[in-house]
Amino acid sequence: MDSGNNQIEKMQTENMPEKKSSRRDFLKNMSIAAAAGSAGLVVGGCSGTPATEKMGLKWEEYFKKHYRLMTQEEKDATVTRLERLAKLERGINVQISDQGPHEQVLFGYAFNISRCKGYMDCVEACVRENNLDRRTKTQYVRIFEMDPGQLDPSAGDGQYHHEVPVKNKFYMGVQCFHCENAPCIKACPTKATWREPDGIVVIDYDWCIGCRYCLAACPYWGRRFNWGDPEVPKDEINLNQHYLGNRMRMKGVMEKCTFCIQRTRKGKLPACADACPTGSRVFGNLLDPNSEIRFVLKNKKVFRFKEDLGTEPKFWYFMD
Amino acid sequence: MTTTSRKGFAAFISDCTRWALSGGVGYKIYLAALFALIGAGIYAYSQQFRYGLRITGMSDIVSWGLYISNFTFFVGVAAAAVMLILPAYILKDKDLHKVVIIGEGVAVGALIMCLLFITVDMGGPLKVWHMIPGIGLFNWPSSILTWDVLVLNGYLALNSLVPLYILYCNYHGRNPVGWKYKPFVFLSIFWAVSIHMTTAFLYQGLPARPFWNNPLLGPRFLASAFAAGPAVIMMVLIVIKESTHYPIEINIFNKLKKIIVVAAIINLVMLFSEVFKEFYTFTHHSLSAQYLFFGLEGHDSLVPWIWTAISLNILGTMLFAFDPTKCNPKYLMVAAISLFTGIWIEKGFGLIIPGFVPSPLGEVVDYSPSILEIMITVGILAVGAFVVTMLIKPALVIEMRLREQKTGSQ
Amino acid sequence: MSKFSYAAGLLLGALAAVILISQAATASGSPGSESVKDRIEQAIEPFDSLKVTTAYPLPVKTVEAKEQYQGGSFKVLARKDQITRFRCSVCHNDKMVKVRNGALFTHSDIQLNHGLGRNQLTCNECHAIENRDVLVDKQGGQIDFDHSYQLCGKCHFRQKRDWLGGAHGKRETYWAGERVIRNCTSCHNPHSPAFPTKMPATYSLPLDE
């Protein structure tokens with residue numbers, strides 16, 4: 001049934017004139033129709049009501065492939081289904097991108113520990129940008145208040161809540177470091193997490209089985225689990241989403257910082273770097289000798305967290 | 001018995017089912033109690049399925065809890081069947097050969113528990129097909145978890161098919177053909193070691209968790225398994241001896257006792273070695289051990305557990321080592337329960353939780369399982385007990401019949 | 001029989017070990033293999049970040065900077081349209097300002113706290129006495145408000161070097177596209193340039209609650 005729908009879609013796409021803008025809309029309508037049709041088959045009754053349409057879409061979603069094995073048509077189809085599901089379930093018009101990486105781009109990050117004042121604007125921006133669960137207060141970015149004489153965030157205080165900056169303290173941010181040699185990728189039994197060509201370590205949420213082995217394998221506590229269904233107030237949901245990024249997660253899957261893939265693939269800074277009022281966060285293309293991040297690596301003394309583990313994080317700390 | 005003349009696989013299955021379910025009032029009560037526990041577990045799991053794992057006590061810091069603790073422990077119990085298979089088949093030990101089928105039944109029950117624990121621990125149990133090679137993606141050989149899936153299922157197949165074949169032959173009153181099953185028996189010996197080593201590698205291979213990242217973990221898993229597993233088997237044997245007419249000679253207890261003592265002592269030596277390493281030169285990597293044994297930053301929920309476990313460990317070992325009663329079943333039961341409980345706590349809770357505390361970012365939280373989590377766990381334990389009962393009861397009937405046939409014909 | 005099985009078992013074990021070790025050697029990126037640092041060092045071809053066409057439009061008014069950085073020219077955020085009472089010469093013309101309490105009404109929000117201890121700056125060390133619409137340096141050179149980095153850099157030359165390269169300050173919204181960076185005065189209040197003390201925007205949940 002599923003493949004039948006795809007065939008119809010393919011036929012129809014081939015017959016379409018080369019008008020890019022209408023092609024996508026057409027696909028959207030087609031697969032909604034197809035989904036409704038299959039829903040009718042599944043439920044064995046009147047197609048067209050939102051409930052049956054929803055069931056049909058979920059049915060097709062359940063049997064879809066791993067993201068990396070999908071053809072472009074299949075990616076478009078699942079994006080259409082997900083957008084339609086968001087409309088049906090939450091009444092919101094999300095736009096889910098499946099934009100791929102740019103060539104000759106490898107993302108890297110540098111954090112200035114002598115500039116950060118611990119304001120945590122980055123944390124707040126990240127929560128809003130990435131539709132993080134408000135109920136359990138999930139945060140990808142964490143800031144540690146540090147005493148002089150130490151450089152290991154695990155010795156600092158990650159739960160401070162008082163006026164900052166405090167005299168004689170400094171602040172250190174941690175998040176997923178997008179390791180080149182990431183232990184989490186190696187651990188995943190289903191290849192649901194991998195490193196994209198531009199260096200971002202991503203998760204196919206629909207492929208993750210929720211075993212949490214990656215969480216145990218991460219030496220930086222860079223991953224979070226959805227213990228329940230994440231809750232975000234409807235009017236706070238960020239509608240600009242990416243399949244591998246900030247689209248709504250579901251219960252029982254892992255999630256993590258994606259360097260705001262929905263922003264960075266479009267040339268924007270990640271939300272944390274954009275929100276930082278002190279300029280402590282430097283983000284850019286490691287393969288571009290003229291980029292800011294390369295200037296930092298070349299001209300500053302940099303270090304990485306737990307370098308001895310050989311994970312090769314693409315996240316460096318530096319001082320003025 | 002009236003069914004001696006019946007032949008074929010269908011008859012075998014129906015007879016086994018009948019034998020498994022028939023019994024006295026006490027047996028009926030026992031089964032009813034198991035069903036009640038399983039039912040409660042299913043209810044609790046339905047809640048977890050609906051609301052997600054947030055109904056458990058786990059968090060992003062302690063992300064594995066009671067389920068994975070029990071999984072780890074029962075892999076050991078499953079592997080321990082080898083301590084009966086090895087002497088029975090390779091050393092041709094006549095006594096242990098008589099009870100090897102019971103060991104294999106316990107292994108199957110333990111393995112089913114392991115697979116259930118893994119399943120209930122998963123966030124997306126319906127997506128498990130993503131792991132099946134061909135239609136899903138199987139990250140082999142990179143992920144140790146995929147190795148574990150392979151060895152556990154393989155061991156389950158070996159340990160169910162071999163006894164099934166032997167029982168099937170015995171049911172029809174003939175001896176099993178050696179070449180048809182013995183290669184698999186020998187394979188299962190190596191396989192038993194591999195399931196427990198692989199499960200140890202699951203933890204041992206993570207530099208993110210210094211408490212686990214320890215080359216002694218695998219060997220110690222084996223040693224503790226070869227003490228706790230035979231202790232479980234001994235408990236089952238004592239129950240069988242006390243509640244059925246199946247003859248179990250004192251010699252068998254004696255041999256099991258020796259196995260347990262050797263393994264338990266090796267386990268204690270390794271435990272001492274680990275404790276020495278953690279505390280002689282106290283490093284950052286010893287914080288987990290400090291949390292486990294003494295508490296850290298005011299969090300000390302595991303401290304009473306681990307000291308209870310170590311006390312029970314030593315007590316059980318001592319009871320087995322200096323047995324003044326010369327294998328009195330009641331005495332052995334106390335010793336076995338003591339050792340079993342000690343290792344259960346130490347290798348379950350005491351191994352998994354401190355691996356997560358403090359977190360890689362140095363944060364200390366306590367974990368305590370929720371009521372629903374405990375209900376699910378108890379439900380799975382009941383499933384295990386039920387499976388073991390269902391396997392062993394018909395097996396004993398078949399073996400008894402075969403023995404009667406043999407003595408009758410002589 | 002049993003010898004054969006021993007051999008078979010050992011063989012299996014050996015096979016498993018070989019697979020594991022080869023796997024470890026290839027996948028784990030052992031210290032000998034190419035590291036990400038090597039890869040970065042070998043990348044010497046500049047990236048044409050203009051080809052990331054989605055990095056437009058620029059969200060704010062900018063001006064072409066009067067300096068060069070490693071990649072050539074760049075832009076900074078315009079300053080003048082952010083200053084509420086610009087242009088200053090509307091009041092500060094060639095006649096004396098005669099409004100009673102004029103300074104109080106117009107400039108009392110300015111708390112001057114720039115410089116350490118006795119080295120506090122005064123107004124006229126940056127503002128030109130003759131022409132209030134521009135800034136002035138110690139040599140008497142006039143500096144446009146949009147290019148205040150030229151003045152700040154006279155003292156804070158280390159910060160300026162970092163700022164030009166990208167280790168100080170920040171880019172506006174995009175990492176790609178045309179390079180637009182914030183001016184000194186986009187982030188720092190020139191009269192009191194140190195960042196203030198305040199409550200954080202949010203907090204991390206105590207983890208065991």
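Guide: This is a predicted model. We may begin with a pair of strands in chain C. Strand 1 of chain C pairs with strand 2 (residues 75-77) of chain C through three bridges, in the antiparallel sense.

Visitor: Which residue of strand 2 of chain C does Thr62(C) stand opposite?

Guide: Strand 1 of chain C and strand 2 of chain C are antiparallel partners. Across this pairing, the residue opposite Thr62(C) is Leu77(C).

Visitor: Are helix 6 and helix 7 of chain B roughly parallel or roughly antiparallel to each other?

Guide: Two packed helices are described by the angle between their axes and the distance between the axes. The axes of helix 6 (residues 144-171) of chain B and helix 7 (residues 178-204) of chain B come within 9 Å and cross at roughly 150 degrees. Angles over 145 degrees count as roughly antiparallel. Helix 6 and helix 7 of chain B are therefore roughly antiparallel.

Visitor: Is the crossing of these two helices of chain B left-handed or right-handed, and how many nonpolar residues does their contact have?

Guide: The crossing of helix 6 of chain B and helix 7 of chain B is left-handed. Their contact includes six polar and two charged residues, and its nonpolar residues number 19.

Visitor: Which helix of chain B gives the largest share of the side that touches chain A?

Guide: In this interface, 31 residues of chain B are in contact with 37 residues of chain A. The largest share of the chain B side is three residues, and these come from helix 6 of chain B.

Visitor: Which helix gives the largest share of the side of domain 1 of chain A that touches domain 2 of chain A?

Guide: The domain assignment divides chain A into domain 1 (2-93) and domain 2 (96-320). Between them, 12 residues of domain 1 of chain A are in contact with 12 residues of domain 2 of chain A. Six residues, the largest share of the domain 1 side, come from helix 4 (residues 72-90) of chain A.

Visitor: Which element of chain A gives the most to the side that touches chain C?

Guide: Here 51 residues of chain A are in contact with 42 residues of chain C. Helix 5 (121-129), strand 10 (281-285) and helix 10 (292-299) of chain A each supply at least two residues. The most, five residues, comes from helix 10 of chain A.

Terms used
Residues numbered from 1 in each chain as written. Chains lettered and ligands numbered in written order. Predicted model: local features only at pLDDT ≥ 70, side-chain atom pairs only at ≥ 80, totals over all residues. Pairing = 2+ DSSP bridges. Helix = DSSP H or I, 4+ residues; strand = E, 2+ residues; numbered from the N terminus. Axes fitted to C-alpha atoms, helices over the stretch in contact; angles between N-to-C directions. Parallel < 35°, antiparallel > 145°, perpendicular 65-115°, else oblique. Left-handed = near helix turned anticlockwise from the far one by under 90°. Nonpolar A, V, L, I, M, F, W, Y, C, P; charged D, E, K, R; others polar. Contact = placed C-beta atoms within 7 Å. Domains from an automatic or database assignment.
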